[in-house]
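This briefing concerns strand pairing and helix packing in one model. Please consult the sequence and the structure shown below.

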Amino acid sequence: MDLNWLDDVLVLLEEQNLTRAAARRNVTQPAFSRRIKCFEDWVGVPVLSRSTNRIEIDPALRANEQEIRALVSRLRGLRSTIAQHDPFASSLHIVAQHASFLSCYPAMALRLRAALPRVNLHVHARNLGECASMLLRGDARMLLCHEAESAAPLRLGAGVARGLWGRDDLIPVVGGVLRDTVARDAAVPSDLPAIVYPEDSYFGSALTRRQRVFGTAALSEVAVCETAFSAGIKELVLDGLGVAWLPSSMVQRELAGGTLTSLASRLGSEPLEIAIYADMSSDIATAVLDILTGDHANRAGPVGLD
């Protein structure tokens, strides 16, 4: 099986047209069609329904698009790992919540680079649910995330240990022209536009649990944007689009520089813990957990997934 065939299939799914797909792959349409036929021969079933005047993509191919993308990513990673193999080096796959990756991982990486210079770190940023799934599947050996102190830690099984990197706070901030509408020490207008989290996201559920104003659409009078992507939220706040809740560690420079203003003194804050989970069957993950958390590592009991 040629990996190029999978790339061809993905382009075809994106373009929904053989001519456009062939152009993107820099081959003629007949050559592209032959490559798709090779993929069909390998799969053992046709993925295109060919008639005189039209060609339709089989629904089974569409249904498995994400799995194909994941397979391509894993195969390329495997190829790179084999090509760059160093028998005296180790690799560690870490999965991190988006906010934690942006605000905490750089400092962790510096510490690990100093302590374990021969360890190659492979980091993937995902939402928290995907992070937990990757750790459980064995696609990652460590997980980095923010957890609300008002909620129980993740439950990931007896073979996973939890350590504490540090503490943080989810705080409401404003930027841009909105800073001028929020006078110091005055009440925050309830009709302030807000950039909110979905209620089913981790931060959204934490803010809902504590009924934090401007946290979700249900807690805001004017929700102008809803997203769980904290890095995007930060940029929207900086542009003055709305008030939003962000981890304090993500916005320290902006608060110090005056481009963002904290409303925590008036709206409160939500305490967070910065947690690290490690697969204890991995010696390198166990060693890294000790380096990053030391005596803070929580090995008192199993942690499992609700």
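In which sense do strand E3 and strand E4 pair, and over how many bridges? Strand E3 (residues 90-97) pairs with strand E4 (residues 119-126) in the parallel sense, over eight bridges. The model is predicted: local features need pLDDT of at least 70, side-chain atom pairs count only at pLDDT 80 or more, and totals for chains, interfaces and linings use all residues. Residues are numbered from 1 along each chain as its sequence is written, and side-chain values use heavy atoms, with hydrogens and water left out.

**Strand pairing**
- Helices (H or I, at least four residues) and strands (E, at least two) are DSSP runs numbered from the N terminus, and two strands pair if DSSP finds at least two bridges between them.
- Strands E8 (residues 193-196) and E9 (residues 222-226) pair in the parallel sense over four bridges, with Val196 opposite Glu226 in E9.

**Helix packing**
- The axes (lines fitted to C-alpha atoms over the stretch in contact, with angles from 0 to 180 degrees between N-to-C directions) of helix H1 (residues 3-15) and helix H3 (residues 29-43) come within 9 Å and cross at roughly 110°.
- H1 and H3 are therefore roughly perpendicular (65 to 115 degrees).
- Contact (heavy atoms within 4.5 Å) involves residues including Trp5 and Leu12 in H1, and Phe32 and Trp42 in H3.

How values were computed: Parallel < 35°, antiparallel > 145°, perpendicular 65-115°, else oblique.
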